Amino acid sequence: MVFRLLILIGLLLLAREEAKAQAGLPIYTNDLVNGFQDWSWGTHNLSNTNPIYSGTYSISASFVAWEALEFHCPDLATTGYSNLTFWANGGTNGGQILWVSAQLDNTNSLPFYTTSVFPTNSWKQFTIPLTTFGAANQSNLVDFIFKLTSSGRTNTFYLDDIQLSPQPAPAVVHINVNASQVVRTVDARWFGINADIWDGDFDTPQTIAKLTEMGTLALRWPGGSASDQYHWSTDATGKGTNAYVWPTSEANFIHVATNLNAQVITTVNYGTGSTNEAAAWVAYVNGSTTNTLALGTDQFGTNWQTVGYWASLRAAAPLAKDDGKNFLRISRTTPIGFKYWEIGNECYGTWETDSNTVPHDPYTYATRVQNYFALMKTVDASIKIGVDVTPGEDTYSNNPNHYAVNPFTGQPHYGWTPVMFSTLKTLGVTPDFGSHHSYAPGDCDPALLQFAEGVDGWASDAANLTQMLTNYLGGTGSNVELCVTENNTGSSGKQLTSLVNGIYAADSLANLMKTPFNSFLWWDLRNGPGTNGDMDPTIYGWRLYGDLGVLNGLTKGYPAFYVPKLLQYFARPGDRVLKATSDYSLLSAYAVRRASGAVTLLVLHKDPTTNFLAQISISGFIPTSAATLISYGMPQDNAADTGIGSQDLLQTNFNGASTTFNYTFAPYSASLFTFNPSAPVLTILPTTQQSPRQIVFQLQGQSSVQYIIQSSTNLTTWISVATNTLTGSTLNFTNPVSSSRTACYWRALWSP
């Protein structure tokens, strides 16, 4: 007798909406906005008070022929925009004629548009299709130029309300998920965040609870640029009477990290520290109390004792009378086992503290890295040591005395990464990982939400760094992991605390998951609010302050806390990233095959005004009709402002899932579907295939899904008899038949 567990699949078709336009992109309102910068030449004023078309100010330009207004931005994708529009006033005499053009970051040869004459003492709107000067559907627009020609008059003219007008959104966006096409496996280090020595609230139950709530699996420490000034054994920056003791110590960090069971990346002090100090740090964290290896005296005259000295300090209980080292006595004999160690933070950057004779020099860095490697790995050979990397063969060319020759082109390059890698190769040192930092262009919401999958995004960085590993480390370069240890938005203003930055955080990680990068650590947990950045109303958000942290105070979360919190339900270590596509750049889609066999679909809506209707198609997987939907967006963010409603993730049930179904996504939102596999079918094969006293069953299900076979004699109590993960769509198995006449029933269930 066969018992089948069947779940009917329903199809929900939502009413189609008429296509609406996405939001436009202002360039000049009362000032340059959305990250545009003034690169003009000629006498001009961006705060002219008369005449104005709207608002408070306009632009005045008192040019001679061939001088120009030039407004520059980071690489901007123009997909979704149709026209450049602006208002012009010719002033007292009028008659000016301009060439208007755009520029991409890889060409100067785009055509220009010649305006008609500007009117006298009145305003006229100009609408120029982006196709006119070859700027439509480009991924890397960097300039708009308004150049006065000699064909008209050269007296003062005025511009106002410059913007890109939007194209209509598509009537239906098509999202496709291929559950059979695996991109790569999910790494635990993707779910990480930076922690800091200045965070006095770090070692608290509330912080552990918030990190757990966010699904944190990795931590980096002790805190960005402070790492190159931090002396872990005194918990201080500086020494002696100039020392500043920080509120959070290594022991505090260990307490939180071990409670989370998090993987840890520790950044040792390159700027003002020594190899001996770094090795002693490894000894304190990972060493044995019986290890007598001497760590030597460093260049500052400090004797760093032995491995056992530091391990014994860790193992000891605090003394009744503190000798200044009680903060390191944590009564832990067993080594902590922190695996990942990074030499310095952004050592290529002139903003970093670097007391070496030649600061910020890749050759000096590589030479010292050799010594760090030797001593730190002598303490614990199992640790992984990383170096600072940055894309571009000529990026951060800080020392003209050292260069590296690209073996394939024969060209010399003075950039940080080529010189550092080639020097390490000469020294016989292969790093275990490269530590990369990326901060997206800030203060322009559309540019930020394009960045992660744009021309300068993770795929580009990974390809560039992988090529340099091959070019400058050779065959051993394939053994070097690529890790992202800092990411955020390069803003100091309100964008950091806005919903847009939360959506960017999710978009950034989701795009990184399709690349070779094996870690993703957001910057950072707590940083502190500030009001010095851009607060322009063209930037979305109600918080009139910026903050690089995800928490404000002890427990208050920004959107950059809540949206990443959602991602723990999207993927966990060991899951598999799937191929997912969307045919509209403002509705991005990402998918994962969970270890349980379920499929998750993350959809990020990147426009502030328009609902988008999407048709979602899934191949290689058949879902049940009942799906779980977790979302975060404007309602939750607004609730944090008004205090009305919930600001946390919203979980609902969606009963219209199928291999093809429609769904309407709300503006500025993150939506996560979890699709369970359709129910399996258990059949008995024909009797001609049976042996005496045996029954051959066939389990019909889906590949990569785990099923449990259960039996029962009463349809009430069920006993599991087999667990199988299908590699195809069917599996046959034989079950013996009892000689008794007792009825027996079998069923198959999905095992989540």
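This is a predicted model: local features need pLDDT of at least 70, side-chain atom pairs count only at pLDDT 80 or more; totals for chains, interfaces and linings use all residues.
1. Leaving aside residues up to four places away in sequence, Trp310 touches Trp232, Ser233, Ala280, Ala283, Tyr284, Leu295, Trp304, Gln305 and Leu328.

2. The largest nonpolar core has 116 residues, and Trp310 and Met376 touch the most other members of it. Helix H9, spanning residues 499-512, gives the most to this core, with nine residues. There is also a second, separate core of 39 residues, including Ile59, Phe86, Phe118 and Ile128.

3. Now look at the helix that carries Trp310. In H4 (residues 307-315), Trp310 is buried along with Val307, Gly308, Ala311, Leu313 and Arg314. What do the buried residues of H4 pack against? Their partners are helix H3 (275-286) and helix H5 (362-379).

4. Trp310 also belongs to an aromatic cluster, together with Phe202, Trp221, Tyr230, Trp232, Phe253, Trp281, Tyr284, Trp304, Tyr309, Phe338 and Trp341.

5. Aromatic pairs are worth a tour of their own: the structure holds 52 of them. One of these is the tilted pair of Phe520 and Trp522, at 6.3 Å centre to centre with 35° between the planes. Both Phe520 and Trp522 are buried.

6. For another geometry, turn to Phe661 and Phe675, an edge-to-face pair with centres 5.8 Å apart and 65° between the planes. Which strands does this pair link? Phe661 sits in strand E34 (residues 660-665) and Phe675 in strand E35 (residues 669-677), so the pair, by the strand assignment, joins distant parts of the chain, 14 residues apart. Phe661 and Phe675 are both buried.

7. Lys239 lies over the face of Phe300, 4.3 Å from the ring centre. Arg572 does likewise over Phe191, at 4.4 Å from the ring centre.

8. Finally, please have a look at helix H8, residues 458-473. Its 16 residues reach 21 Å from the first C-alpha to the last, close to the 22 Å expected at 1.5 Å a residue. Which residues of H8 are buried? They are Trp458, Asp461, Ala462, Leu465, Met468, Leu469, Asn471, Tyr472 and Leu473. After H8 comes Gly474, whose phi is positive, near 75°.

Technical notes
Residues are numbered from 1 along each chain as its sequence is written. Side-chain values use heavy atoms; hydrogens and water are left out. A nonpolar core is a set of buried Ala, Val, Leu, Ile, Met, Phe, Trp, Tyr and Cys residues joined through side-chain atoms within 4.5 Å. Buried means under 20% relative accessible area, exposed over 50%, partly exposed in between (1.4 Å probe, protein chains only). Helices (H or I, at least four residues) and strands (E, at least two) are DSSP runs, numbered from the N terminus. Contact means heavy atoms within 4.5 Å. Rings of Phe, Tyr and Trp (its six-membered ring) pair if their centres lie within 6.5 Å; planes under 30 degrees apart count as stacked, over 60 as edge-to-face and the rest as tilted. A charge sits over a ring if NZ of Lys or CZ of Arg is within 6 Å of the ring centre and within 35 degrees of the ring normal. The expected span of a helix is 1.5 Å times one less than its number of residues.
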